[in-house]
Amino acid sequence: MDKKSVNVKGPYSHNALTVSNNTELDEDGLRNNGVHMMREIPSEACFAVNGGATGPGGANDTGENAGWESKTQFMLSVVGYSVGLGNIWRFPYLCQKNGGGAFLIPFLIMVLLEGAPLLLIELGIGQKLRQGSLGTWNMIHASIGGIGIASTIVAFLVGLYYNVIITWCFFFLFQSFRSPLPWASCPTVEIGNVTVPVPECVKSSETAYYWYREALDISPSIDETGGIKWWMALCLLLAWVFVYFIIMRGVKSAGWVIYFTACFPYVVLTIFFVRGITLRGAAAGLIHMYKPKMEKLLDLATWMDAATQVFYSFGLAFGSLIAFGSYNKPRNNCVKDVIFITCTNALTAMYASIVIFSILGFKATAIHDRCIDGNKKVLRELLSDKYSDISNITDNIYESYMKEHFPDEKSLNGSAFLDCSLEKELDSAAAGTGLAFVVFTQAIVELPASPFWAIIFFLMLLALGLGSQIGTMEGVVNTVFECSYFKNVRKELLTAIVCFISFVCGLIFVTGAGEYWVSLFDGYASTTGLVIIALLEIVSVMYIYGHERFSADVEYMTGYYPGWYWQITWRIVGPGFLCLLLVGSLIEKVRNSPVYDAWDSEKGETHLLPYPGWCMCIALALIIVGIVPIIAGWLMDRFNILGPSGRPRSASTTMRRIDTAASTRPMMEDYEVTEYRTDILPDDADDMMEGPLRMAPMKSFRMEVIDC
């Protein structure tokens, strides 16, 4: 039996404990068994220095971490974390794929019913309990403490491959300082005495060849590792060095980086917007993307895509938002923060899609025009007696001839004419890395002063990637720092160890098969596990912590009691949508054979290959590793097994008064500490906390804290 003595003073002093013999109802309407235990509530002076959090980085911290320097820093950090690469290269693709403007309907519905409610839960519970992800769920109930560990593991796995995307951005940024751009034309080789373009480049395109062969030097399949590519390994090392110096001391070391990662992307988007809408073909791109196809709303896949996009674009269930909220002042209005962040996230996605498709419309129009010029040259050769020069063939003459002789696409087979379709060029827009490093780079080549546009584009991607990576890894390091094993380790050293391990593990992503591994991790490490974690988070807060208590907490922090919209989405709609999303993702994985896009150098294009069996074992392990801590935490609490702190998870902390006078001997009995309280100070407590406590002296007495 472990014993330690504490001194307990008056009920309104720091670390106050009030004890009575009578079981009564506290302000939440919960039985307190005669005990209120209150953690230290920092004064306004403490908030001015470190944000006031009593978890890692707060008033009780040892200086390894700190709270937000200002409200602006907090808002920009969350915006930089939430608004990431998915807003730039995934949302426009989903709009195009799922009915154009019609996709905005399910997207906005999911933002209101899924995104905003979950965002308020994570920010609110972190701000109220003033703990990171691990401490928050342990404080709510020991049996759900595994949620914090699970979210940290998933965030770590995502951080591994997400930083590789930043690595690719670094590589392309460095190459963008060359003029002309290295992906503007195909390289040449000498065959005999003749210099010809590389056949692989001719069969694909300049940008596709540069991406797959020059940048990645990709292997034909995931079975062939292809060795570590040293140029990418150096860029990966640089990426982790950047991340380390940004997060090594938590939010205190972020500084100006937060302002850059949050604000710079909007500057670049605005520059591209002004340039894009003035380009020929921009209107065609915008019409193609936003032209509504209402029949797509009847497709369940459209709603699943909308729910998935909202879930990942907000960065939910990683634990980072809980950590961000814990650095806030207790009376920060988190409801206003959620409204602002939600609107910013949704509007940024739509704004970015306008910019992207105005540029892609220009690119498609330029390619379409070159295709028609080629066909006109063929037509002039066929009708040389009639047209001496290509300029004599007007668009009307060309279109009349093509409609007469080639009424459909099949009739072009075997002819010297190419199928010049603007619609097909617009449909060729890709998502993810294909959009950023192949399609959009080709559009940049078409712009005058292309190196300038390439530099600011990849700087924008770098800022977006770093903003999200900072939040992801801050959640990981915050949780590790909360573990009792590492309490005496300096934050800088602990962060360095985490980043070094991440760099070593990430070397697999800079091999010849690196992009295939990124696809595997993206498809399995960050899908099922995150949805399960988010579902358990909302159920735990609503039905274990209690929706009435959480609503009262929100009212205490903001002065606003959550109304029917929040209550319905928290208690019914949110869990329901997450269950549907989980079932839908599992059905999709079962119905569709797991495949990946592999590069075929002979044909100069990608083709689908099935994952080998050993890869699927790894994929299954990636899913399981994000779920096991949740089950393990419940079992450890259920069977009273030692937890990370070295003490039984279900132990009751009993306090016994041992130094008493004879007159107080009848008070010697055990009391169980049932909960932490942060809101039991009297109405004038704020005035009391601004200076020295003006209270009548109260006699101290010793208590034994007995862990049994």
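Over which ring does the charged end of R549 sit? The ring is that of Y545, and the charged end lies 5.4 Å from its centre. A charge is taken to sit over a ring if NZ of Lys or CZ of Arg is within 6 Å of the ring centre and within 35 degrees of the ring normal. K491 likewise lies over the face of F481, at 5.6 Å from the ring centre.

Two remarks on the source. This is a predicted model, in which local features need pLDDT of at least 70 and side-chain atom pairs count only at pLDDT 80 or more, while totals for chains, interfaces and linings use all residues. Residues are numbered from 1 along each chain as its sequence is written, and side-chain values use heavy atoms, with hydrogens and water left out.

I turn to the aromatic pairs, of which the structure holds 45. Y244 and F245 form an edge-to-face pair, because their ring centres are 5.2 Å apart and their planes stand at 70°. Rings of Phe, Tyr and Trp (its six-membered ring) pair if their centres lie within 6.5 Å; planes under 30 degrees apart count as stacked, over 60 as edge-to-face, and the rest as tilted. Y244 is buried, at 17% relative accessible area, whereas F245 is partly exposed, at 48%. Here buried means under 20% relative accessible area, exposed over 50%, and partly exposed in between, with a 1.4 Å probe and protein chains only. F452 and W453 are also edge-to-face, since their centres are 5.1 Å apart and their planes at 75°. F452 is partly exposed at 42%, and W453 is buried at 9%.

Next, the annotated positions. An unreviewed UniProt entry lists G80, V83, N87, S313, N345, L464 and S468 under "binding site". They are spread over 389 residues of sequence, yet they cluster in space, with a largest C-alpha distance of 12.9 Å. UniProt positions follow the numbering used here, feature names are shortened, and annotations may be inferred rather than shown by experiment.

What does N345 contact, leaving aside neighbours within four places in sequence? Its partners are S82, V83, N87, S313 and F314, where contact means heavy atoms within 4.5 Å. N345 is buried, with a relative accessible area of 1%.
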